[in-house]
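Colleague: Please put up the model, and then take me through how the two chains meet.

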Protein chains: 2
Amino acid sequence: MSRTATYHTRVTWKGEHWGHIQMGNGPEMDFSAPPDAHGHPGVLTPEDTFVAAVNTCITMMFLWTTERFKLDLVSYECEAEGTKLIELDRTEIFTSVTLRPRIVLRANDEERSSVEKRARRALESAQKYSLVANSVKSEIRIDPVFEVVY
Amino acid sequence: MSRTATYHTRVTWKGEHWGHIQMGNGPEMDFSAPPDAHGHPGVLTPEDTFVAAVNTCITMMFLWTTERFKLDLVSYECEAEGTKLIELDRTEIFTSVTLRPRIVLRANDEERSSVEKRARRALESAQKYSLVANSVKSEIRIDPVFEVVY
C-alpha cells in the first residue's frame with residue numbers, strides 16, 4: 001500500500017519586506033526577498049530555499065545510499081546552482097538545478113577498480129529516491145568529481 | 001526577451017547524518033533528515049525546506065501584490081502543509097502543498113465592499129507569479145481566511 005506523510009511550516013509577516021518562518025522540525029529564522037528584488041542581504045530567500053531543498057535532499061539520500069552500498073565516504077561537498085527563466089509575461093520558473101558534488105572515498109586494494117563505479121550507482125540511486133528531486137519540474141543535473149584515497 | 005538568473009547553495013557533510021548548508025544570500029546552518037528517517041530534531045530538513053520554499057515565495061509575492069493593489073495589510077500569517085506520497089517502489093513525491101493564510105486588512109467606508117475581493121485577486125496574482133509555485137509538480141492549494149478592520 002502507498003502511504004502519506006505531512007510536513008509543516010508557519011510564516012509570520014514582520015512588516016515591510018520581512019518574514020519569519022518556523023520549520024516543523026524546530027528551527028526558525030527571518031527571511032526576505034533577494035536584495036535585487038526589494039529584499040535584504042544576509043537572510044533566507046525563497047530562491048535559495050528552493051535550491052537548498054534539492055541540495056540537502058540529494059545529500060541525505062547519498063549518505064544513506066553510501067551506507068547501503070558499504071562505501072567508505074571520507075568527504076562530500078556539493079555546490080548547487082539553480083537557474084530561473086523569466087518569461088516575457090513576467091512568470092518565472094526554475095528550469096534546472098545543477099549539482100557539482102566533490103566526493104572522496106577510501107578503498108583498499110581489492111576495491112580499487114570498482115569503488116568509483118559503485119559510488120556513481122549510489123549517486124544515481126540517491127537522485128532516483130530523492131523526494132525533492134522528484135517533486136520539482138526543474139531538470140536535475142548531477143556532475144560529480146570523485147577522488148579515491150587508500 | 002526572456003532572461004535568466006542563478007542562485008547558489010553549498011553543502012558540506014559533517015559526518016554521520018549531519019550536513020551544513022551555506023545559502024547564496026548569506027545565512028548558513030546545520031541540517032539533517034527528520035528524526036523518523038534516521039535524522040535529528042531541531043534542525044533544517046529537506047522536507048521542511050521544500051515546504052518553506054513554497055510558503056516564503058507566496059508570502060513575498062503577496063506582500064508585493066498588496067503594494068501594487070494598494071491594500072492596507074495589517075497582518076499575514078500562513079500555515080503550509082506539504083503531503084508526500086510514498087509509492088510501493090519506495091519513490092516519494094510531494095503531491096500537494098496546502099497554504100492557509102490568515103490575512104487582516106484595514107479599509108475605510110468606501111473600500112469596505114471591495115477590499116476582500118481585491119485581496120483575493122492579489123493572492124491569485126501572487127500564486128501566478130510565484131517562482132517556486134511554478135517550479136514544483138505539487139498541486140498548490142490556497143485556502144485563505146480574510147478579516148477586514150476599520
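Modeller: Two strands pair if DSSP finds at least two bridges between them; strands (E, at least two residues) and helices (H or I, at least four) are DSSP runs numbered from the N terminus. This is a predicted model, where local features need pLDDT of at least 70, side-chain atom pairs count only at pLDDT 80 or more, and totals for chains, interfaces and linings use all residues. Residues are numbered from 1 along each chain as its sequence is written, with chains lettered from A and ligands numbered from 1 in the order in which they are written.

Colleague: Which residue stands opposite B:Arg3 in S1(B)?

Modeller: Strand S4 (residues 72–86) of chain A is joined to S1(B) by 10 bridges, and the two run antiparallel. In S1(B), B:Arg3 has as its opposite A:Ile86.

Colleague: Which element gives the largest share of the side of chain B that touches chain A?

Modeller: Counting residues as in contact if their C-beta atoms, placed from the backbone, lie within 7 Å, the contact takes 71 residues from chain B and 71 residues from chain A. On the chain B side, 14 residues, the largest share, come from H1(B).

Colleague: How are H1(A) and H1(B) oriented to each other?

Modeller: Axes are lines fitted to C-alpha atoms, for helices over the stretch in contact, and angles run from 0 to 180 degrees between N-to-C directions. The axes of helix H1 (residues 46–68) of chain A and H1(B) come within 8 Å and cross at roughly 170°. Angles under 35 degrees count as roughly parallel, over 145 as roughly antiparallel, 65 to 115 as roughly perpendicular and the rest as oblique. H1(A) and H1(B) are therefore roughly antiparallel.

Colleague: Which residue of chain B does A:Cys57 touch?

Modeller: Residues up to four places away in sequence are not counted here. A:Cys57 touches A:Ser130, A:Leu131, A:Val132 and A:Ala133, and from chain B, B:Pro46.

Terms used. Two residues are in contact if their C-beta atoms, placed from the backbone, lie within 7 Å.
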